[in-house]
Amino acid sequence: MPKTKQTPGTLLLEFLSKYKLNCNRVSKEIKCSQTALRLISLDKSRITPSIAVRLAKYFDTKPEFWLLVQMDYDLEKIANNKTFEKKLKGISTVAKI
């Protein structure tokens, strides 16, 4: 599966690099587990609304910024999933009234 241009993990890593930070320090600052941020940085875990709000406050962005990157990534993953594509073929469209 091709990766999006900007995954949640690569975005987080860019911010960490820009400010010369690491997951350990940021996790302490935003009061979340180090494991959670590490998994996000590896694209093995999602940015939740709670994490998005914390990252937004810390990096002076908006929560929507983080959540939109996550949503775009999720939608691209599902669009490239052949198993899911087969399931979609079995779903009919509601009749227009």
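## Close-up views of a predicted model

With a relative accessible area of 68%, K31 is exposed. All views below show a predicted model.

**View 1. K31 in the loop between α2 and α3.** The loop between helices α2 and α3 contains K31. Its relative accessible area of 68% is above the 50% cut-off, and K31 therefore counts as exposed. Most residues other than glycine have a negative phi. K31 is not a glycine, yet its phi is positive, at about 60°. The view also includes I51, which lies 20 residues from K31 along the chain. The C-alpha atoms of K31 and I51 are separated by 9.5 Å.

**View 2. The crossing of helices α2 and α3.** Two packed helices are described by the angle between their axes and the distance between the axes. Here the helices are α2, covering residues 23-30, and α3, covering residues 34-41. Their axes come within 8 Å and cross at roughly 125°. The crossing of the two helices is right-handed.

**View 3. K20 in the loop between α1 and α2.** Helix α1 covers residues 8-18, and K20 lies in the loop between α1 and α2. The phi of K20 is positive, at about 55°, although K20 is not a glycine. Is K20 buried or exposed? Its relative accessibility is 73%, so K20 counts as exposed.

View 4. How many salt bridges does the structure hold? It holds one. Side chains of opposite charge can pair when their charged atoms come close. In this pair, the closest N and O atoms of D74 and R46 are 2.2 Å apart.

**View 5. K44 in the loop between α3 and α4.** The loop between α3 and α4 contains K44. K44 has a relative accessible area of 63% and is therefore exposed. The view also includes P8, which is 36 residues from K44 along the chain. Between the C-alpha atoms of K44 and P8 the separation is 9.7 Å.

**View 6. The nonpolar patch on the surface.** Seen here are L68, M71, L75, I78, F84, L88 and I91, which form a nonpolar patch. Together these residues have about 630 Å² of accessible area. Which elements give two or more residues to the nonpolar patch? They are α5, covering residues 63-79, and α6, covering residues 82-89. The largest share, four residues, comes from α5. M71 is found in helix α5. The relative accessibility of M71 is 41%, between the cut-offs of 20% and 50%, and M71 therefore counts as partly exposed.

Technical notes: Residues are numbered from 1 along each chain as its sequence is written. This is a predicted model: local features need pLDDT of at least 70, side-chain atom pairs count only at pLDDT 80 or more; totals for chains, interfaces and linings use all residues. Side-chain values use heavy atoms; hydrogens and water are left out. Patches are made of residues with over 30% relative accessible area and no salt bridge: like charges are joined within 9 Å, nonpolar side chains (Val, Leu, Ile, Met, Phe, Trp, Tyr) within 5 Å. Accessible areas come from the Shrake-Rupley method with a 1.4 Å probe; for residues, only the protein chains shown count as cover. A salt bridge is a side-chain nitrogen of Lys or Arg within 4 Å of a carboxyl oxygen of Asp or Glu. Buried means under 20% relative accessible area, exposed over 50%, partly exposed in between (1.4 Å probe, protein chains only). Axes are lines fitted to C-alpha atoms, for helices over the stretch in contact, and angles run from 0 to 180 degrees between N-to-C directions. A crossing is left-handed if the near helix is turned anticlockwise from the far one by less than a right angle, and right-handed if clockwise.
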